[in-house]
Amino acid sequence: MTHVLIVGASVAGLTTAESLRAQGFDGRITLLGAERHAPYSRPALSKQVLSGEWDAAPIRGGAELSGLDATFRLGRRATGLDPRRREVAVGRERIAYDELVIATGAVPRQPFRASQTLRTIEDAHRLRRLLARGDRIAIIGAGVLGCEVASSAHAGGCAVTLIARGEGVSLGGLGPPLSERVGGLLRENGVELRTWAHVVTVDAAGVRLADGTIVGASVVVSAVGCTPAVEWLRGSGLEIADGVVCDVNGRAADGIHAVGDVAAWTDPSDGRPRRTEHQQTAILQAQAVARAIATGAASPPIEPFFWTTLFGTRILVHGTVRPDAELHVIAGEGDGDRFVFAARREGRVEALVGWNMAREFRLARADLLRAEGSLV
Ligand SMILES: Cc1cc2nc3c(=O)[nH]c(=O)nc-3n(C[C@H](O)[C@H](O)[C@H](O)COP(=O)(O)OP(=O)(O)OC[C@H]3O[C@@H](n4cnc5c(N)ncnc54)[C@H](O)[C@@H]3O)c2cc1C
């Protein structure tokens, strides 16, 4: 009986297992996960969990997990891979597989030991406790995560300073004009935005900048990006760049695929491996790999998609808004607080951005994906 071993039991690993069963795979499935928890939603950590609305964020209930007929080995970390023998090491134990799916995600960069990071449920609980007593918080890094922590901390009554390395916030595929609108949202809500700031160190006083100023804070959060969790693959012979290098279908080597935040799938548009840290990409990659393992069928290309909620504003982004794209309003009012923009380049819609118009955004996205023959 074919044995699929999935290393990493979070959203990408779980979706692989669920999709294998949905595609009719009736072999053995094992999920090996370093965390001792059943799979939980990371997007909820910086939103509902940090704000205190939820205490936990399980992706599925116990009955759904048992219904999968998969073996969950939680609290167990893979330590090595021997692709020739088709074995994964967990300390001294060796687990044999026929097909391996690598879904080990990413770990936050931690440049300053006196600062907090946010990746796990334990991190979220710790930060929530700190925010409850800390009245001044400084966040290093003005990407999506930094902005979300700013939003939740502000909602909790903290005074917030967001420290950006560049000219303002930088939200993945949102592009400069719309990132500037996010900067406006932060400022309107009383968040202090420090731009072009180079952090030297973090200590009990707060954050010391290269220009000699100190951003006073009792809690400092580093939100400066992640590195792929590939340590355990050292010496395996797999090609590792910024992530496990895969072809356009997520295949890394014979009998080995990688999905989610750890995986750098080759982008068919330019032939380069690229890693994406978005939940929906993790889900679509997992579905595509499960289909390939169960049926041998290839899947259409995957476009990046992410969402966030900042200060009550729901932002949805499909594709990447490049700096030279033309923005056209396709719903709502472009200068208001509800709209959908299409970003066009060379006559082609490359990206969509929804701002408090989730329904209209989803309809436009479904139309675009249908026209392109991509996965919805
Ligand atoms: C706070 C926060 C908020 C986010 N918000 C959004 C959002 O709003 N929208 C969005 O699109 N995306 C968001 N993301 C990103 C999204 O959560 C990730 O893209 C998604 O979790 C990726 O899933 P994954 O399964 O690939 O990796 P992970 O979720 O990182 O899971 C990897 C799992 O593998 C385990 N593991 C690692 N090494 C080993 C090993 N050697 N052996 C066994 N197990 C191992 C890890 O412990 C972990 O449980 C957010 C992320 C964070 C941290």
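Me: Two strands pair if DSSP finds at least two bridges between them. In which sense do strand β5 and strand β6 pair, and over how many bridges?

Reply: This is a predicted model, in which local features need pLDDT of at least 70 and side-chain atom pairs count only at pLDDT 80 or more, while totals for chains, interfaces and linings use all residues. Residues are numbered from 1 along each chain as its sequence is written, and side-chain values use heavy atoms, with hydrogens and water left out. Helices (H or I, at least four residues) and strands (E, at least two) are DSSP runs, numbered from the N terminus. In general, strands of a sheet pair through backbone hydrogen bonds, either parallel or antiparallel. Here β5 (residues 87-90) and β6 (residues 93-96) are antiparallel, with four bridges. Val90 stands opposite Glu93 of β6. Two residues lie between the strands of this hairpin, and Gly91 takes a positive phi near 60°.

Me: In what order do the four strands of the open sheet stand?

Reply: The order is β17-β18-β21-β22, and the pairing is mixed. At the edges are β17 (240-241) and β22 (273-275), each of which pairs on one side only. Two bridges join β17 to β18 (residues 243-246) in the antiparallel sense, and Ala241 has Gly243 of β18 as its bridge partner.

Me: Into which domains is the protein chain divided?

Reply: Domain bounds come from an automatic or database domain assignment. The chain has domain 1 (3-107 + 226-295), domain 2 (110-222) and domain 3 (312-372). The centres of domain 1 and domain 3, taken over C-alpha atoms, are 30 Å apart.

Me: Which residues come nearest to the ligand?

Reply: A residue is near a molecule if one of its heavy atoms lies within 4 Å of it. There are 32 residues around the ligand, and Ser10, Glu35, Arg42, Lys47 and Arg119 come nearest. The shell comprises 14 nonpolar, nine polar and nine charged residues, where Ala, Val, Leu, Ile, Met, Phe, Trp, Tyr, Cys and Pro count as nonpolar, Asp, Glu, Lys and Arg as charged, and the others, Gly among them, as polar.

Me: How far is an oxygen atom of the ligand from an N or O atom in the side chain of Arg42?

Reply: That distance is 2.6 Å. A backbone N or O atom of Ala12 lies 3.0 Å from an oxygen atom of the ligand. On its own the ligand has 1000 Å² of accessible area, of which the protein covers 94%; such areas come from the Shrake-Rupley method with a 1.4 Å probe.

Me: Why does the ligand lie between domain 1 and domain 2?

Reply: Both domains give residues to the shell around the ligand, so the ligand lies between them.

Key. A polar contact is a pair of N or O atoms within 3.5 Å; within protein, one must be able to donate a hydrogen and the other to accept it, and residues adjacent in sequence count only if both atoms are side-chain atoms.
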